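Please walk through the model below, one group of elements at a time.

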Amino acid sequence: MARDLLIQNARVIDGSGSEPIEHGSVLVEGGRISSVGTIDAVSAANRTDLRKLDATGLTVMTGMVDCHFHGVYQDVTCWEDYDLRRSIEHATILAARNAQTLLEVGFTSARDTGTRGMVGIAVRDMINEGVLVGPRLLAGGQIITTTGGLADGYGSWIDNRASLGRVVDGIEEVVKAVREQVKYGAETVKLEASGTGISPYSDSRKQTMTVEEMAAAVKEAHRNGVRVACHAQATESIKNAVRAGVDTVEHGSFLDEEGTELMRQAATVLVPTISVLDLYVTRGPDVGVPQWIVEKFQGDLVEHRQSVKMALDAGIPMAVGSDSGHAFNPQSEIAYELEMMVDAGFTPMQAIESATRIGAEVIGWENEIGQLSPGMFADLLVVDGNPLEDVRMLRDPARLVSVYKDGALAGGRAAPRREELELGYELAPRPASAEPDESDAIERPCCLKTSEELEH
Ligand SMILES: [Zn+2]
């Protein structure tokens with residue numbers, strides 16, 4: 001357990017949406033927040049053993065939540081990159097590294113919305129056991145898909161036993177797939193109601209799973225206390241997903257007024273994933289995404305943005321989801337989604353609430369994380385500047401001073417050095433003039449390199 005911590009004189013954004021506290025303080029005791037308020041209101045006078053941080057000019061906010069994370073995605077440009085080019089063993093190691101990256105860049109919690117085999121569950125368990133470093137992870141299994149649907153990527157002549165999709169048809173098979181995932185420890189189920197641009201056998205306007213199949217999956221998942229995320233882009237697929245009772249609609253590209261009203265009545269959360277759709281089109285061609293895929297996404301973009309605006313105007317709660325791990329949206333840059341939200345009409349405060357309080361509600365941990373209030377886990381970010389003036393700083397490694405999970409330093413530019421992590425205690429600071437030791441540089445294996453690095 002890290003030593004208790006007092007952060008003083010910071011701008012405090014508590015995640016509730018209320019005005020920030022200027023010259024505020026946050027006291028962390030036993031890995032949880034024990035007090036938040038103005039510098040005078042938070043007293044730790046009787047504590048002499050605290051770590052103290054003078055945060056003048058800095059902002060403290062709660063750690064962010066990525067509600068649409070795929071640990072196994074790495075440098076993807078086409079369907080085969082998801083689950084054919086690398087062994088599941090490679091994918092497992094990459095998923096562990098990607099989870100750690102999330103934490104290091106300020107996402108202290110995440111929901112895995114589709115993995116190969118049970119990789120997401122294994123990564124979650126290893127993080128919880130302290131074997132791996134990573135965010136709090138709500139883990140799921142494979143994407144439950146229909147024949148020819150979103151995640152049915154190959155012809156029947158290819159037997160891929162380590163695939164991203166679990167192909168089912170009919171109520172019995174859907175229910176069986178949910179039960180299997182629950183059996184092995186899934187806490188969230190991912191369904192598909194429509195295809196998408198990268199799917200070889202479907203597209204974003206094609207409805208795939210029926211409302212009856214989805215309703216059966218939802219019933220079985222909820223009976224087991226498991227939530228359901230549903231990929232839905234086609235207009236009717238969004239409505240059917242809501243009618244079936246899913247907890248979140250992922251993407252929601254072609255929303256109409258009836259769909260918006262259904263979501264409002266059912267209190268369904270939208271995870272709009274604006275950045276992934278945008279980057280498929282704007283960066284995809286430069287990183288090797290085939291033209292036919294770029295064109296499919298290009299056709300969706302204008303309507304997708306209109307749908308987000310419609311949802312925003314209707315007051316539909318929206319959460320941050322990155323869908324990262326493609327060659328154009330590495331996990332290290334996922335805070336870009338907040339920029340895209342602001343670009344789509346959110347205020348910076350609304351985008352931050354989507355990344356914190358609403359994200360916590362999506363994963364069902366609203367009493368533990370997502371707001372800075374007494375009793376919550378001390379998952380905190382310290383940022384150099386004011387993200388309410390410019391939300392882009394949340395993506396800038398130079399501005400992310402520190403990331404804490406359970407009150408322990410886990411990322412940001414103040415993150416502990418590698419040798420400190422191994423030793424388990426802090427070393428004396430290096431003299432300012434000292435050049436980093438060459439031996440500190442870790443040569444990354446090929447499978448962890450981006451396509452850009454491999455070219456050089
Ligand atoms: Zn996804």
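The axes of α10 (residues 336-343) and α11 (residues 348-355) cross at roughly 140° and come within 9 Å; axes are lines fitted to C-alpha atoms, for helices over the stretch in contact, and angles run from 0 to 180 degrees between N-to-C directions. Helices (H or I, at least four residues) and strands (E, at least two) are DSSP runs, numbered from the N terminus. The crossing of α10 with α11 is right-handed; a crossing is left-handed if the near helix is turned anticlockwise from the far one by less than a right angle, and right-handed if clockwise.

The model is predicted: local features need pLDDT of at least 70, side-chain atom pairs count only at pLDDT 80 or more, and totals for chains, interfaces and linings use all residues. Residues are numbered from 1 along each chain as its sequence is written.

On the α10 side, Leu338, Met341 and Val342 meet Pro348, Ala351, Ser354 and Ala355 of α11, where contact requires C-beta atoms, placed from the backbone, to lie within 7 Å. By class, the contact of α10 with α11 has six nonpolar residues, one polar and no charged. Here Ala, Val, Leu, Ile, Met, Phe, Trp, Tyr, Cys and Pro count as nonpolar, Asp, Glu, Lys and Arg as charged, and the others, Gly among them, as polar.

From α4, the contact involves Ile171, Val174, Val175, Val178 and Arg179; from α5, Glu212, Glu213, Ala216, Ala217, Glu220 and Ala221. The classes in the contact of α4 with α5 are seven nonpolar, no polar and four charged residues.

Next comes a sheet. Three strands form an open sheet in the order β6-β7-β8, with parallel pairing; two strands pair if DSSP finds at least two bridges between them. Strands β6 (64-69) and β8 stand at the edges with a single partner strand each, so one side of each has no neighbour in the sheet. On average, neighbouring strands of this sheet are turned by 20° against each other, direction ignored. The parallel pairing of β6 and β7 runs over four bridges, and Met64 stands opposite Phe107 in β7. Helix α2 packs on the sheet and touches β6, β7 and β8, its direction making about 140° with that of β7.

Within β8 lies Leu138. Why does Leu138 count as buried? Leu138 has 25 C-beta neighbours inside 10 Å, and a residue is buried if 20 or more other C-beta atoms lie within 10 Å of its own, exposed if 12 or fewer, and partly exposed in between. Leaving out residues up to four places away in sequence, Leu138 touches Arg111, Asp112, Glu187, Thr188 and Ile363.

Helix α3 (residues 119-128) has as its buried residues Val119, Gly120, Ile121, Val123, Arg124 and Ile127. Among the elements covering them are α2 (88-104), β7 (107-112), β8 (136-138) and β9 (140-145). After α3 comes Gly130, with a positive phi near 85°.

Finally, β16 (residues 400-405) and β17 (residues 408-411) pair in the antiparallel sense over three bridges. Lys405 stands opposite Ala408 in β17. These strands form a hairpin with two residues between them, and Asp406 in the turn has a positive phi of about 55°.

Key:
Two residues are in contact if their C-beta atoms, placed from the backbone, lie within 7 Å.
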